[in-house]
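User: I would like to learn how to read a protein model, taking one feature at a time. Could we work through an example together?

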Amino acid sequence: SEMCIRDSREFHTVISNRSTDKPHKGWLRLHGPKSMEPGDVFAWIKPSFWKHRKNTGHVGIVLSAARPHPSQANVWLLDVADSSRYLHENDSRPPDGKGGYGTGTMAFLFGEDGTALAYGWYGTEQSVDTYVATSIVFGRVVK
């Protein structure tokens with residue numbers, strides 16, 4: 001049966017339940033920043049302290065290989081495509097606050113075990129101590 005993924009929470013659940021060894025039902029879960037390639041997907045669940053926000057989290061598409069942050073250990077930078085009114089570092093959207101689809105650079109903090117622990121919305125322009133900790137997964141769509 002076909003599955004329709006409706007929101008970031010469902011993307012997160014589907015990717016979380018996949019293996020990192022072999023694809024299952026069209027998805028392969030990725031482990032660690034070095035496993036990512038352009039076209040991969042990331043999803044996170046909205047942190048509980050943002051209960052008042054209407055969204056369920058965030059989903060985006062990876063546009064680049066991960067590259068180490070120039071000064072932060074265990075932080076990796078990714079160029080991403082997403083839809084938002086909040087701009088990332090090097091964002092393609094106009095700064096008028098209307099948002100929509102665009103591209104930019106985000107930072108992701110990874111644990112020693114390769115698990116993504118937090119995101120930095122503004123890439124290198126953001127201090128790691130202000131990153132948002134939440135459950136973040138990366139996955140690849142496969143045939």
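Analyst: The discussion below concerns a predicted model and takes up a residue, strand pairing and a pocket.

User: Where is glycine 32 placed?

Analyst: Glycine 32 lies in the loop that links β1 (27–29) with β2 (41–45).

User: How many bridges join β2 to β3, and how many join β3 to β5?

Analyst: In a regular strand, side chains alternate between the two faces of the sheet. Here, β2 and β3 run antiparallel and are joined by five bridges; in this pairing, isoleucine 45 stands opposite glycine 57 in β3. β3 and β5 also run antiparallel, with two bridges between them, and isoleucine 61 stands opposite alanine 81 in β5.

User: What space lies in the largest pocket, and which residues are closest to its centre?

Analyst: The largest pocket holds about 440 Å³ of space. Its lining consists of 18 residues, and those closest to the centre are Trp50, Arg53, Asn55, Tyr86 and Trp121. The elements giving two or more residues to this lining are β3 (57–62) and β5 (75–84).

User: Which classes of residue form the lining of the largest pocket?

Analyst: By class, eight residues of the lining are nonpolar, seven are polar and three are charged.

Conventions. Residues numbered from 1 in each chain as written. Predicted model: local features only at pLDDT ≥ 70, side-chain atom pairs only at ≥ 80, totals over all residues. Heavy atoms only, no water. Helix = DSSP H or I, 4+ residues; strand = E, 2+ residues; numbered from the N terminus. 1 Å grid on protein atoms, 1.4 Å probe; cavity = no way out; pocket = protein on both sides within 12 Å on 5 of 7 lines; lining within 4 Å. Points joined across faces, edges and corners; volume = space filled by probe spheres on them. Nonpolar A, V, L, I, M, F, W, Y, C, P; charged D, E, K, R; others polar. Pairing = 2+ DSSP bridges.
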